[in-house]
Amino acid sequence: MDPNIHAEAHNGQPAQKIRILDSTLREGEQHPGVSFTNKQRIQIAWELDSFGVDQIEISPVVSPDHREATRTIIGLGLEADIVSHGRALRQDVDVSIDCGAKWCAAYLGISEVHMADKLRITRDEAMERAVDTVQYAKSHGLKVRFTLEDGSRADPEFVRKMCVAIRDAGVDRISLPDTVGVMRPAGMARFVGMVRDTVDTPLDVHTHNDMGLALANSLAGVDAGADQIHTTIDGIGERTGIPSLAEAAVVIARLYKSPNRLKLYQLRDLSKHIEMYTGIPIPESKPVVGSSAYKHKAGTHLAAILRNPAAYEPVPPDVVGNRRTIVFGELSGKTGAGHLMSILGLDGSDQQARDVAAGLKRLRMGDLLEMPLPDSLVQRITPDE
Ligand code: HCA
Ligand code: CU
């Protein structure tokens, strides 16, 4: 079956573009233990822009330092929009204006628990605050995104009313977040579809990874009509974070065939830089950028990879800046052992390779050795389709 069902759904039409807003500088800094210096913030913004994301989010209201960084990053004149994030309050919009922002984002909790217990406001007050913030930002010439925080747990009727009210106030985008990561993909699709059927404002989805469903939920939101997803490098963010830029970028490029201009080969470096800045190691099993993402171990896998890596690689490693590695040890099998012998200059027979494989198993020492397998050592390379 063609995994590219999104493109199929377009009946041969070119796939639609799925935009990426990267929030490493806003949501990412909400990850426990993460705090960037201004130099690092500027470097990250520059790298994200070079990589090709559509929008970069940063919050100037957090500290004077952040305000300075926001001002400087806006001044760089990057291709990506710089979205200045704050609460749905005139004073936060003023901070964005003061930084020279062209885009601002305002968020307001609209679930019962957020309105009653966090904000201590009524529905009418929430509605008033939302409309006032949008009108205020628009009257100052800003493009404005409004975030219905905790919208996935809010009363659907109230969500629709809110969307109509902010649409009428001139909002440019609406962000639909699953703030505490409790949606299933089907539920997220219904949530986004309901808003899609109510207003024609462009929609963002922002999904949290509390149960590991963040990327699946964002994609369900895209399938239901949102055109922009939120990511951070390595998925860092409040608690367990949001979708990782690397995973989202590869999915939209390779599975959705979205016509972005993403330099996927920069993904591993982006991730490495964040690892260096945060001091938080990238888990080796992390999709796309982890060191194990392109390691091959079992004998049957090695045998296939040595002839054609496409057998076990959905995307070639160089496409995302990663590296293919083979692991030798007790699982290697005859072909793996034969390859190892040939690398060592041993012109082993079939029987000798079998004996070495059997010896590796008898040793019971697990994995003994890892080594890169560049394309030049692959025996038959089928060009990437
Ligand atoms: C927050 C909440 C937020 C906002 C998302 C958005 C969420 O931490 O301020 O503005 O799109 O998860 O609801 O991150
Ligand atoms: Cu969030």
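Guide: Here is a walk through the ligand site, followed by a look at the rest of the chain. First, some ground rules: this is a predicted model, in which local features need pLDDT of at least 70 and side-chain atom pairs count only at pLDDT 80 or more, while totals for chains, interfaces and linings use all residues. Residues are numbered from 1 along each chain as its sequence is written, chains are lettered from A and ligands numbered from 1 in the order in which they are written, and side-chain values use heavy atoms, with hydrogens and water left out.

Let's start with the metal. The copper ion is ligand 2, and its protein donors are Glu 27 (OE), His 206 (NE2) and His 208 (NE2), lying 2.1 Å from it. Donors here are N, O and S atoms within 2.8 Å of the metal (3.2 Å for Na, K and Ca); water is not among the atoms, so sites may look incomplete. Along the chain, the copper donors follow the spacing E-x178-H-x1-H. Glu 27 and His 208 link distant parts of the chain, 181 residues apart. Glu 27 is in the loop between strand 1 (19-22) and helix 2 (38-51), and His 208 is in the loop between strand 7 (203-207) and helix 9 (214-223). Those helices (H or I, at least four residues) and strands (E, at least two) are DSSP runs, numbered from the N terminus. Both Glu 27 and His 208 are buried; buried means under 20% relative accessible area, exposed over 50%, and partly exposed in between, using a 1.4 Å probe and protein chains only.

His 208 also brings us to the other ligand. One of its polar side-chain atoms lies 3.0 Å from an oxygen atom of ligand 1. Ser 175 has a polar side-chain atom 2.7 Å from an oxygen atom of ligand 1, and for Gln 30 the distance to a ligand 1 oxygen is 3.2 Å. A polar contact is a pair of N or O atoms within 3.5 Å; within protein, one must be able to donate a hydrogen and the other to accept it, and residues adjacent in sequence count only if both atoms are side-chain atoms. The protein covers 94% of the 360 Å² of accessible area that ligand 1 has on its own. Such areas come from the Shrake-Rupley method with a 1.4 Å probe, and for residues only the protein chains shown count as cover.

Who stands around ligand 1? There are 14 residues surrounding it, the closest being His 85, Arg 145, Thr 147, Ser 175 and Thr 179. To be near a molecule or strand, a residue needs one of its heavy atoms within 4 Å of it. This shell divides into 2 nonpolar, 8 polar and 4 charged residues. In that sorting, Ala, Val, Leu, Ile, Met, Phe, Trp, Tyr, Cys and Pro count as nonpolar, Asp, Glu, Lys and Arg as charged, and the others, Gly among them, as polar. Strand 5 gives the most to the shell, with 3 residues.

Now step back to the whole chain. It has 14 helices and 11 strands, and its C-alpha trace spans about 80 × 45 × 40 Å along the principal axes. Of its 385 residues, 53% are buried. Among contacts with a separation of 6 or more, 73% are between residues 24 or more positions apart, where contact means heavy atoms within 4.5 Å.

Gln 266 sits in the loop between helix 10 (245-255) and helix 11 (267-278), and it counts as buried because its relative accessibility is 17%. Its side chain makes a polar contact with the side chain of Ser 50 (3.2 Å). Lys 257 is in the loop between helix 10 and helix 11 too, but it is partly exposed, with a relative accessible area of 48%. Its phi is near 55 degrees, a positive value in a residue other than glycine. Val 288 has a positive phi as well, about 70 degrees, although it is not a glycine. You'll find Val 288 in the loop between helix 11 and strand 9 (295-296), and it is buried, since its relative accessible area is 14%.
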